[in-house]
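Trainee: Could you show me how to read a structure like this one, feature by feature?
Mentor: Gladly, let's look at it together.

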Amino acid sequence: MNATAVVTGLGVTAPNGLGMEEYWAATLRGESGIDRLAHFDTSGYPVGLAGEVPGFDVRKHLPSRLIPATDRTTQLALTATAWALEDAKVVPADLDEFGMGVTTAATAGGFEFGQQQLEKMWSEGNQHVSAYQSIAWFYAVNTGQISIRHGMRGPSGVLVSEQAGGLDAVAQARRQLRKGSDLIVSGGVDGPFCSWSLISQWTGGRLTESSDPGHAYQPFDEAATGYVPGEGGAILVIESADSARRRGAPKSYGEVAGYAATFDPRPGSDREPGLRRAIEIALADADVSAADVDVVFADAAGDPALDLIEATALVDVFGPGSVPVTAPKTMTGRLYGGGAPLDLAAALLSMRDGVIPPTVHVALAPRYEIDLVSGTPRGASVRTALVLARGQGGFNSAVLLRAT
Amino acid sequence: MTTNEEMTIDDLRRILRESAGEDEDVDLDGDIIDVEFADLGYDSIALLETGGYIERERGVSLDEESVTSAETPRKFLAVVNDSLNSGTGQ
C-alpha cells in the first residue's frame, strides 16, 4: 500500500517563538533567540550561549498531574502536540485509538529530570528519588507521554540519530501510514539545558565557545567556529491522504514525498561522505528532478569541514548557486531531535506563504558556491522543498516535501 | 517529621496533590474514599510516588506491591495505617 503522507497540523516551541505563528513571524523578521544561557549559571563553563524557549509557563499549558512526572523537554513536547492536534482539528477520542500512533525523535530524553534525581540520591539517599524517574529520563518519554495523554495506541516508537532523527522519525511515520495506520504524531522536541547536559554536549566537540550571540553560530561563513545548542522543536500531525479526507481535515500543509538516509564511511576513509547520495535518493523517491527543487533547508553544521561537505554535495546535485539555500536554525541554534522537525515546519510555511526565511549572522564565504538566502526573507513560489539533517556519528537524512 | 498518628483522607488529598498533582476533571475534595485511583487520574507510578512521599514524611516503610495494588483511597490508607500501627516506622 502506498498511502500519501500529508502534514495536517503543526505545533512549534522554538527559541525565537512559542507557538507556530510566533515562531514564523520572528523568523521572517530575522529575530534570533540565541543569547546567554539563563537556565543556570554558566560562569566557569567553556560554553555559555544557547537558544532557550522564551516565556514558557508550564502551568498555563498542562494539567498539574503531568508536571511532577515530566522533564521540561516533555512539557514542551506535550504542549506542541496539543497545538498540532488543535491545528489539524483532530479530536483523538473520535478516532480509532489503534489507528493513531506516535513516532518522535530524541537525543537526550529528560536529562534535567535525571540530573535532579541523581543529585537527590547522592545528597539525601535513594528514598528521595522520584518514582517518575523510571520513565521521565528515557529517550522514548515524549512518545510515551503523548500516546498516553491522547489515547493513541497504534504503532509507536522513538528514533535516536542525533540531529538526523527528526527526519528519520517522519519517515518512520510515513512507513506506518503505508502499513495502514491513519494518523501518526511525529517530529521532535529536544535539548534540555542542565549542567550535566551542557557538558555532555560540549564533549561532542562541536559547540562554539564564542560568547557573542551575533557571531557564534555562523554556518558557511569563514568565521564559523561551531554551533550553539538550542531547545524545543516541532510536532507534526501526519495522516494518510485518505484518512485526512475521510475525517474532513481542514487543510494539508504538504506531502512527505521523498526520503532517504545514508551513513558516512568510517573516519579517515577517502570514500565520499553520504550526504550527496541521501539527497539523490530522496529526490528519486519523490520522483522529482534537481531542477524542480525550489529551496533547500540546509543542515548547516557551522563547522568548516562539515559546511564544505554540505556545500559540495549541493553543488554536485544542483549546480553552483542554482537553488536557494537557507538555514533559519541560525536563529534558534541546533535543536537535536527537534531541529529537523522545526525545519520541516518552516519549509511547509514557506510553501503556504510563498516566502523563504533568511539565514542570519552569516557572510557567505565565496568558496561554498551556494545561493544562500541571507539577512532578509526572499519571496518565491515554493512547491517543493528539500530538508537536510546530519547527526553526529555519521547520519545523513533528507526529506523532500511537496505542496498538495 | 516522624509520627505514628493515623493518616486521614485529608492527609492523603494533600499528599496526592503535592506528589502527583491533580487531574483537571476530578474534584479531589469530593467524596473520593471509595473511588478507584484510575478514575481519579492516578496510575501505579503516581501511587508509588505518593507512597515514597509518605515514607519520607512519616519515616515508615511501605510494601511497594501493596501500595501500587491498592485500588481506592480507603484501601491505600489501610496499607499506610497498618504499617504505622505495626511500628515499622524507624
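This is a predicted model: local features need pLDDT of at least 70, side-chain atom pairs count only at pLDDT 80 or more; totals for chains, interfaces and linings use all residues.

Trainee: What does the radius of gyration of chain B say about how compact it is?
Mentor: The radius of gyration is 12 Å, and the globule rule gives 12 Å for 90 residues, so chain B is as compact as a globular protein of that length. Its C-alpha atoms fill a box of roughly 40 × 20 × 20 Å along the principal axes. As for burial, 34% of the 90 residues of chain B count as buried. Among contacts in chain B with a separation of 6 or more, 61% join residues 24 or more positions apart.

Trainee: Now helix packing. How are two packed helices described?
Mentor: One gives the angle between their axes and the distance between the axes. Take helix H6 (residues 165-178) and helix H11 (residues 339-353), both of chain A: their axes come within 6 Å and cross at roughly 70°. H6(A) and H11(A) are therefore roughly perpendicular to each other.

Trainee: Which residues of H6(A) and H11(A) make that contact?
Mentor: H6(A) brings A:Gly166, A:Leu167 and A:Val170, while H11(A) brings A:Gly339, A:Ala340, A:Pro341 and A:Leu344. By class, five of these residues are nonpolar, two are polar and none is charged.

Trainee: Where does A:Leu344 stand in the largest nonpolar core?
Mentor: That core has 148 residues, and A:Leu344 is among those with the most contacts inside it, together with A:Val387, A:Ala398 and A:Val399. H11(A) gives the most to this core, nine residues. Beyond its neighbours within four places in sequence, A:Leu344 is in contact with A:Val170, A:Ala234, A:Leu236, A:Val387, A:Val399 and A:Leu401.

Trainee: And the interface: how is the size of one often given?
Mentor: Often as the accessible area lost when the parts come together. Here we can count residues instead: the contact takes 13 residues from chain B and 13 residues from chain A.

Trainee: Which helices of chain B each supply at least two residues of the side that touches chain A?
Mentor: Helix H1 (9-20) and helix H3 (44-58) of chain B do. H3(B) provides the largest share, six residues. This side of chain B has three nonpolar, four polar and six charged residues.

Note on methods: Residues are numbered from 1 along each chain as its sequence is written. Chains are lettered from A and ligands numbered from 1 in the order in which they are written. Axes are lines fitted to C-alpha atoms, for helices over the stretch in contact, and angles run from 0 to 180 degrees between N-to-C directions. Helices (H or I, at least four residues) and strands (E, at least two) are DSSP runs, numbered from the N terminus. Angles under 35 degrees count as roughly parallel, over 145 as roughly antiparallel, 65 to 115 as roughly perpendicular and the rest as oblique. Two residues are in contact if their C-beta atoms, placed from the backbone, lie within 7 Å. Ala, Val, Leu, Ile, Met, Phe, Trp, Tyr, Cys and Pro count as nonpolar, Asp, Glu, Lys and Arg as charged, and the others, Gly among them, as polar. The radius of gyration is taken over C-alpha atoms; the globule rule is 2.2 Å times the number of residues to the power 0.38. A residue is buried if 20 or more other C-beta atoms lie within 10 Å of its own, exposed if 12 or fewer, and partly exposed in between; C-beta atoms are placed from the backbone. A nonpolar core is a set of buried Ala, Val, Leu, Ile, Met, Phe, Trp, Tyr and Cys residues joined through C-beta atoms within 7 Å.
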